[in-house]
Amino acid sequence: MSEFKLLVTGSKGRMGQAVISAAQAQGVAVGATIDLGDALAPALEKCDCVIDFSSHHFTDELLTEAVKLKKSLVIGTTGHTDEELAHIREASKVIPVVFASNFSVGVNTLFWLTRKATELLGPDFDLEVIEMHHRMKKDAPSGTARTLVEILADVRGLSYDSDCRHGRFGDVGARTPKEIGVHALRGGDVVGDHTVVFANVGERVELTHKASSRDTFAGGAVRAARWLADKPAGLYDMQDVLGLK
Ligand SMILES: NC(=O)C1=CN([C@@H]2O[C@H](COP(=O)(O)OP(=O)(O)OC[C@H]3O[C@@H](n4cnc5c(N)ncnc54)[C@H](OP(=O)(O)O)[C@@H]3O)[C@@H](O)[C@H]2O)C=CC1
Ligand SMILES: O=C(O)C1=N[C@H](C(=O)O)C[C@H](O)C1
């Protein structure tokens, strides 16, 4: 039987480098790496599964080639447009895909806790999400903040597109009970902090996760690639991989 091999895209980036180290630590072979400007198809042919932490601008090309060559995908890249998200859903009808805004065990536990807390606290609590990342991060809000808002919106019967309020500035008026505020901070070398605030009159609950190393994301992504090896076509997330559903 031939050895299971990974293709790491964006391999010179912060996450690409961490994924290569995590693969080595878990004894998984990296069969090829590519970066901006390199040809995808020849690299893909040599491998079984792609771990992608590059740019959402690359997602369409990656999905098209992976479907053509029937390779599985672990997508960690964030900041996708609605069209790119639709393409991911379409491709997952043909190949197995793990798509997760965050691969850390802690953040996936935060997702679970956020759903539970929203259900338990009920509709009187105002909902706000705050995230902070390093100064080089390009997309805002973070993919993880978006997932948190989607969980809050799902429990409350709201929608990310209509009910999310990105920051506040000027004479914005009083907060409405429906809105979910989202605030993106950028600076220094912060790996990734997320807080969900549940605020009522007289009390407040805050759930916070702070990542201090990218190894937690990279290790999770390699674990997801190994988990995906015997799975049928479908769209999975890290909670599926961790058995948190
Ligand atoms: N899901 C999760 O758990 C996590 C997700 N992320 C996400 O991963 C992505 C990458 O983050 P990070 O590693 O910090 O970013 P970096 O900018 O450090 O790395 C991205 C790498 O991808 C390369 N790249 C850009 N476009 C392409 C392309 N079309 N084809 C191949 N390679 C390309 C870049 O090259 P160049 O520099 O030449 O542009 C760069 O080397 C972001 O979307 C981020 O939000 C990050 C951490 C955790
Ligand atoms: O770009 C990053 O660095 C991170 N991106 C992910 C996101 O957008 O949620 C995950 C993590 O917080 C780090």
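A residue counts here as buried if 20 or more other C-beta atoms lie within 10 Å of its own, exposed if 12 or fewer, and partly exposed in between, with C-beta atoms placed from the backbone. Keep that handy for the tour. What you have open is a predicted model, where local features need pLDDT of at least 70, side-chain atom pairs count only at pLDDT 80 or more, and totals for chains, interfaces and linings use all residues. Residues are numbered from 1 along each chain as its sequence is written, and chains are lettered from A and ligands numbered from 1 in the order in which they are written.

**Whole protein.** Start with a cartoon view: there are nine helices and 11 strands (DSSP runs numbered from the N terminus, helices being H or I of at least four residues and strands E of at least two). The radius of gyration, taken over C-alpha atoms, is 19 Å, close to the 18 Å of the globule rule (2.2 Å times the number of residues to the power 0.38), so the protein is as compact as a globular protein of 245 residues. The C-alpha trace spans about 60 × 35 × 30 Å along its principal axes, and 38% of the 245 residues are buried.

**Select H134.** UniProt's unreviewed entry puts a "binding site" at H134, G143 and T144; such positions use the numbering here, feature names are shortened, and annotations may be inferred rather than shown by experiment. You'll find H134 in the loop between strand 6 (126-133) and helix 6 (143-156). H134 is partly exposed because it has 13 C-beta neighbours inside 10 Å. Leaving out residues up to four places away in sequence, H134 touches G188, D189, V190 and V191 (contact means C-beta atoms, placed from the backbone, within 7 Å).

**Now G143.** This one sits in helix 6. G143 has 19 C-beta neighbours inside 10 Å, so it also counts as partly exposed.

**Ligand 2.** Show the residues around ligand 2 (C-beta atom, placed from the backbone, within 6 Å of it): T78, S101, N102, H133, K137, S142, G143, T144 and G192. That shell has no nonpolar, eight polar and one charged residues. For these classes, Ala, Val, Leu, Ile, Met, Phe, Trp, Tyr, Cys and Pro are nonpolar, Asp, Glu, Lys and Arg charged, and the others, Gly among them, polar.

Conventions: Contact = placed C-beta atoms within 7 Å.
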